Amino acid sequence: MTIFEALRESHDTQRTLLDQLVKTHGDSDGRRELFDRLKDELDRHALAEERHFYVPLMEHDLTQEKSRHSVAEHHEMDELVEELESTDMSSPGWIATARTLKERVEHHLDEEEQEVFQMAGKALTDEQKSRLAEEYRAHMEELAAS
């Protein structure tokens, strides 16, 4: 498995959770559960991805700018999650912010898969791609257990 395949697994999970979340209504148990699962997935993914994908990519001129941009997008998404946490789940503003989060996350994932992965494929060796995947997955599992 390469780092790209490992990251796509989490990307697929994020897309599914976002799709389900924006279909929820009011302050319901379902909305709370999906939001908690999404927050956990986004947080674990960002931590592991930054350490095991973006930090190594920042060492290459080819991928340094895109890596920094992607890390900045993680922080923008964190701010939207914080806004959702401080907003009443039954308010119309909550679902509007959730839709904005969905758009931002999907933009980030698409950009990563269509642009960053291609550049990273040129910057990283096959051995690095496999090793980073193992490290990323182990970090994701460690974070899930804690």
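**Salt bridges and helix packing in the predicted model**

Lysine 129 and aspartate 126 lie three residues apart in helix α5 (residues 126–145), and are therefore separated by about one helical turn. In this predicted model, the two residues form a salt bridge, with the closest N and O atoms 3.6 Å apart. Lysine 129 is buried, at 12% relative accessible area. Aspartate 126 is exposed, at 61%.

The whole structure holds 16 salt bridges. One of them joins glutamate 106 to lysine 102, with a closest N and O separation of 2.8 Å. These residues are four apart in helix α4, so about one helical turn separates them. Lysine 102 is buried, with a relative accessible area of 17%. In helix α1, aspartate 12 pairs with arginine 15 at 3.9 Å. Aspartate 12 is partly exposed at 45% relative accessibility, whereas arginine 15 is buried at 19%. Asp12 and Arg15 belong to a salt-bridge network that also links Asp110 and Glu113.

Helix α2 (residues 29–57) packs with helix α4 (residues 92–123) at about 25°, their axes lying 13 Å apart. The angle is under 35 degrees, so the helices count as roughly parallel. The crossing is left-handed. Contact residues include Leu38, Leu42 and His45 of α2, and Val105 and His108 of α4. The contact comprises 13 nonpolar, two polar and three charged residues.

Glutamine 14 lies in helix α1 (residues 3–21). Its relative accessible area is 2%, which makes glutamine 14 buried. Beyond its sequence neighbors up to four places away, glutamine 14 touches Leu38, Glu41, Leu42, His45, Val105 and Leu109.

Conventions
Residues are numbered from 1 along each chain as its sequence is written. This is a predicted model: local features need pLDDT of at least 70, side-chain atom pairs count only at pLDDT 80 or more; totals for chains, interfaces and linings use all residues. Side-chain values use heavy atoms; hydrogens and water are left out. Helices (H or I, at least four residues) and strands (E, at least two) are DSSP runs, numbered from the N terminus. Buried means under 20% relative accessible area, exposed over 50%, partly exposed in between (1.4 Å probe, protein chains only). Contact means heavy atoms within 4.5 Å. Axes are lines fitted to C-alpha atoms, for helices over the stretch in contact, and angles run from 0 to 180 degrees between N-to-C directions. Angles under 35 degrees count as roughly parallel, over 145 as roughly antiparallel, 65 to 115 as roughly perpendicular and the rest as oblique. A crossing is left-handed if the near helix is turned anticlockwise from the far one by less than a right angle, and right-handed if clockwise. Ala, Val, Leu, Ile, Met, Phe, Trp, Tyr, Cys and Pro count as nonpolar, Asp, Glu, Lys and Arg as charged, and the others, Gly among them, as polar. A salt bridge is a side-chain nitrogen of Lys or Arg within 4 Å of a carboxyl oxygen of Asp or Glu.
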